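Work through each task before reading its solution.

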Amino acid sequence: MSPQGLELRNLSRRIGDRTLLHRLTLQVDAGQCLALLGPSGCGKTTTLRLVAGLDPSSEGSIHLQGRDITQLNPGRRQVGMVFQNYALYPHLSVVGNLALGLEVRGVPAAERARRISTTLELLQLSELQDRRPAQLSGGQRQRVALARALLRQPAVVLLDEPMSNLDAQLRDTLRPQLRQLLCGADHPVLYVTHDQQEALGIADQIALLNEGMLQQIGPAQELYRNPANRFVAEFLGRPAINLIAADQGQQLGIRPEDLQWVERGGLPVKLRSREWLGHQQLLWLDSERGPLRMLVPSQWQPTPDLQVDWDRSHELWFAASSGERIRR
């Protein structure tokens, strides 16, 4: 790990007999953005709150820039946090929202003005500096919240579902901008989301959680093509992977884009329905081995006696009972 990075060692959080997070171990280097991805209640926000010091850990430790911060109060951790609802003061202008925290920390007026001006320019907010939050769009409020976090000159930046309140078109527009701002900085970034498209578009690495436990961590392509278990295979990918019952208590996984038409020797299928996705169609097929999803070009038209096959090198095998990956 780089000396400016973040490291979690066997980090756990329990409330009574309920385990919210179980022995999470991971590290994020300076300049790296790691997305904590998973369904609601999997431990994503719990992890962020432990790193920020908002909740106590039940086990394990948190190390930032080479020092153990597990027992430090939040104000001494050098954490910049962007909340889901942005938490901006409605009666203050953009500049007022940015200046307040610096004033509380006793930063001199000249230094405040310099840092605020630089940050406003970086996030393209200079022309909006006199507006109040109600006069800003959702994307602009998000950038103000990020600017406030960066003004702390944090050792780590934490983002908790920062785009969940935005419409889909605005999220698509902001993803590349946010990636440019977050990745390659001089601090590590933890980015919490349940949206896999958001994680894939912004983060360098993805840590996929389920029921408080780390399922797999690595680059998005590695998790997609080489999942550690059935949960990872099912969670990543839209449309979802096809799971086909096989012999000896096993399941075969085939991605919809890996299915292909063949004239003979394949699996006979019947077209149930199709969805037009623009440049592609999603086909819903019935077969003797169960329902299948398949992606085809948008101009495709069905023909009689449909059969599908796939490249055997793209097969993913799982134990039907446990969901563990089987290497074949």
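Is Glu59 buried, exposed or partly exposed? The model is a predicted one.

Solution. Take the relative accessibility of Glu59, which is 27%. Buried means under 20% and exposed means over 50%, with partly exposed in between. Glu59 therefore counts as partly exposed.

**Exercise 1.** Find the salt-bridge partner of Arg23 and state where the two residues lie in the chain.

Solution. Step 1: Arg23 forms a salt bridge with Glu59, and their closest N and O atoms are 2.4 Å apart. Step 2: Arg23 belongs to strand β2 (residues 18–28), while Glu59 belongs to strand β4 (residues 59–64). Step 4: Arg23 has a relative accessible area of 37%, so Arg23 is partly exposed.

**Exercise 2.** Decide whether the contact between Arg225 and Glu257 meets the salt-bridge cut-off, then describe the pair.

Solution. Step 1: the N to O distance is 3.7 Å. Step 2: the cut-off is within 4 Å, so the contact between Arg225 and Glu257 is a salt bridge. Step 3: Arg225 sits in helix α7 (residues 220–225), and Glu257 in the loop between β12 (250–254) and β13 (259–261). These two residues are 32 apart and link distant parts of the chain. Step 4: both are partly exposed, Arg225 at 35% relative accessibility and Glu257 at 32%.

**Exercise 3.** How many salt bridges does a search of the whole structure find?

Solution. The search finds twelve salt bridges. Among them is the pair Arg49 and Asp55, at 2.7 Å from N to O.

Conventions
Residues are numbered from 1 along each chain as its sequence is written. This is a predicted model: local features need pLDDT of at least 70, side-chain atom pairs count only at pLDDT 80 or more; totals for chains, interfaces and linings use all residues. Side-chain values use heavy atoms; hydrogens and water are left out. A salt bridge is a side-chain nitrogen of Lys or Arg within 4 Å of a carboxyl oxygen of Asp or Glu. Helices (H or I, at least four residues) and strands (E, at least two) are DSSP runs, numbered from the N terminus. Buried means under 20% relative accessible area, exposed over 50%, partly exposed in between (1.4 Å probe, protein chains only).
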